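Thank you all for making time this morning. I would like to take you through one model, and I will ask you to keep the sequence and the structure in view while I speak.

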Amino acid sequence: MTSQVRVFLVDDHGLFRAGVKAELAGEVDVVGEAGDVDEAVAGIVSTEPNVVLLDVHLPGGGGQAVIAAVAPRLPDVAFLALSVSDAAEDVIAVIRAGARGYVTKTIDRAGLVDAIGRVASGDAVFSPRLAGFVLDAFAGDAPVAVDPELDALTPREQDVLRLIARGYTYKELARRLSISPKTVETHVSSVLRKLQLSSRHELTRWAADRKLL
Amino acid sequence: MSDPSDAPAAAPPPLSPLEARQNRPSPHWWRRMPSAYGTPWRSRDDRVFAGVAGGFAEWSGFSPILTRAVAAAAVTTSGLGPVLYVLAAFVLPVADRSVPAKDRRIAWPKGRDRERAVVALLVAVGVSIVLRAVGIWFGGELWFPAAVAGVGLSLAWSRTDEERRELWRSRLVRLPGEERLAAESDRRGATVLRVVAGIVLFIAGGAWVLHSAPPSTFVPVMAAVAATACGVALLGGPWISALWKDLAEERRARIRTEERAEVAAQLHDSVLQTLALIQRHPETTRSVAQLARQQERSLRAWLFGGTADGSAPTDASATFADRMRAAAHDVEDRFDLPVELVVVGDAPADGRADALVAAAREAMANAARHSGAPEVSVYSEASETALSVFVRDRGKGFDPDAVPEDRRGLRDSIVGRLERQGGSAAVVSAPGEGTEVALELTR
């Protein structure tokens, strides 16, 4: 690899940071780490990494506070949310704030390296669980479709998300749907954009109404 | 009048539990009390009849002779006096030690206690004047014992320790509807009764005043009543509001303590037990992983809702999604293999949904038993038109056409079960490709 991806780690548990750092050694270049929002913003601005691995729950405002502070200054930094939380509202909030993807902390090493690489190259990373959240959020008819383009998923996007939720990798999924992996990326990015821009009131309200285990 | 600070320091009685709990400084004279409580007592040594007057003298520090004279006058001049004496003889406890004369110096109330005593006295005087003006009067022979009782009560109040007062106040100052613990709910009835009785008395008293006051004295009487009430409000208002604040603070503290206790109990029952188990068997990585998974699930269920032990509800109210979760957890535990379950939508659980869940459980178990994959992915969706479940593994796979006839698991437990409900099951698999079982049931 000519140039390794520069990664910044943000998590309030030092032990977890140490573990991830050890796991990623040799695969990516961990340029810094932080344990709270202020530290993270300062560190990211000074190191200008490619990818920030961002814990959803952080003292001082949570992951979305970091994105809100950094994104206007460094639009090229990509955020990958990393969480143990099963609370859909937390995950959706970080994605809507601008994270390019969401993976659970139990993800294995290869999966994490792969996800970092894809986020760094501008793609979106959906875990099965996030795909489930999104399908749930977009399920049913939007009663007041302010922007039909943004407020509903196309059938193809739904197919892609369903397969992700069923545990398919992008490659398997592309073969299954007889499309190219690049097209899969396009669909996922489009879903991500809808997730971030949609005015569907379900997206903001839905998570709170629902008790997801 | 003596300075309380020069009270004898020698051989102080052991602190009572009540006093030991107090963290605010108690008045010096309090330490001289032989009894643990702030109420008067009957004397052990100094008694003529029951020791009431002697005890009161020990307790208050007044001369026993003076106390007896007053008591004798009160008892003999009215019918109420003997009643009060007998009542006191029954109610008051006998002191548990003798009280030396040097401990019996009068300690007048100081500071706020004095203010309160004076206020109480003024209120009592004002009330009696009002009563007299209205024409309601105890009669000549009753005023003296009533006054003695009043002074005694006000003294008792001013000399009671702070904590006990707090207790009294918290019982007195309660309104109906005020939030309280379930265990105290029986007290609500008493509160309602008290409020009703208060209203009845208020109305009856008001009617009595209006009835008995001649029209010419009506205005001055009402003015006097209003003035007295204003005085009471002015004097007692800040005290009552401070009391309310104290009570609210106390309640908040109690709620915090209870929450803390609940968290501690949960952590103890689950996390600490698991950590202990892991410490005892750190070498068996599979069981450690299983323990960690079970623990994670249980903690998650507790944090994000659900039942305390982490199991999905199994009662009739459980939904399709609940039962899918329960099935996935069950397979995880039985086969010690992570099941990644994603649930979208939900539906009420009926017999058909249960058949689907049972088939899905069998498919998960098959994957766990035969595939050799490190995890199983399960996706379950309840849409408007159908319930569908996909069970997928990346294990070694098999050729569905080559399954021997006698292997009934797939045919009976999965395909047959669904077909009986009008659903369908499809198995996609090839050697080396992993397996996916797709189950669908139209609604």
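Predicted model: local features only at pLDDT ≥ 70, side-chain atom pairs only at ≥ 80, totals over all residues.

Residues are numbered from 1 along each chain as its sequence is written, chains are lettered from A in the order in which they are written, and side-chain values use heavy atoms, with hydrogens and water left out.

In the interface, 20 residues of chain B are in contact with 21 residues of chain A, contact meaning heavy atoms within 4.5 Å. The area buried between chain B and chain A is about 1800 Å², of which carbon and sulfur atoms give 50%; buried area is the accessible area (1.4 Å probe) that two parts lose on being put together, summed over both.

Across this interface the rule finds seven salt bridges, a salt bridge being a side-chain nitrogen of Lys or Arg within 4 Å of a carboxyl oxygen of Asp or Glu. The side chains of A:Arg129 and B:Glu340 meet in a salt bridge, at 3.9 Å from N to O.

B:Val83 is partly exposed, with a relative accessible area of 49%, where partly exposed lies between buried (under 20%) and exposed (over 50%), with a 1.4 Å probe and protein chains only.
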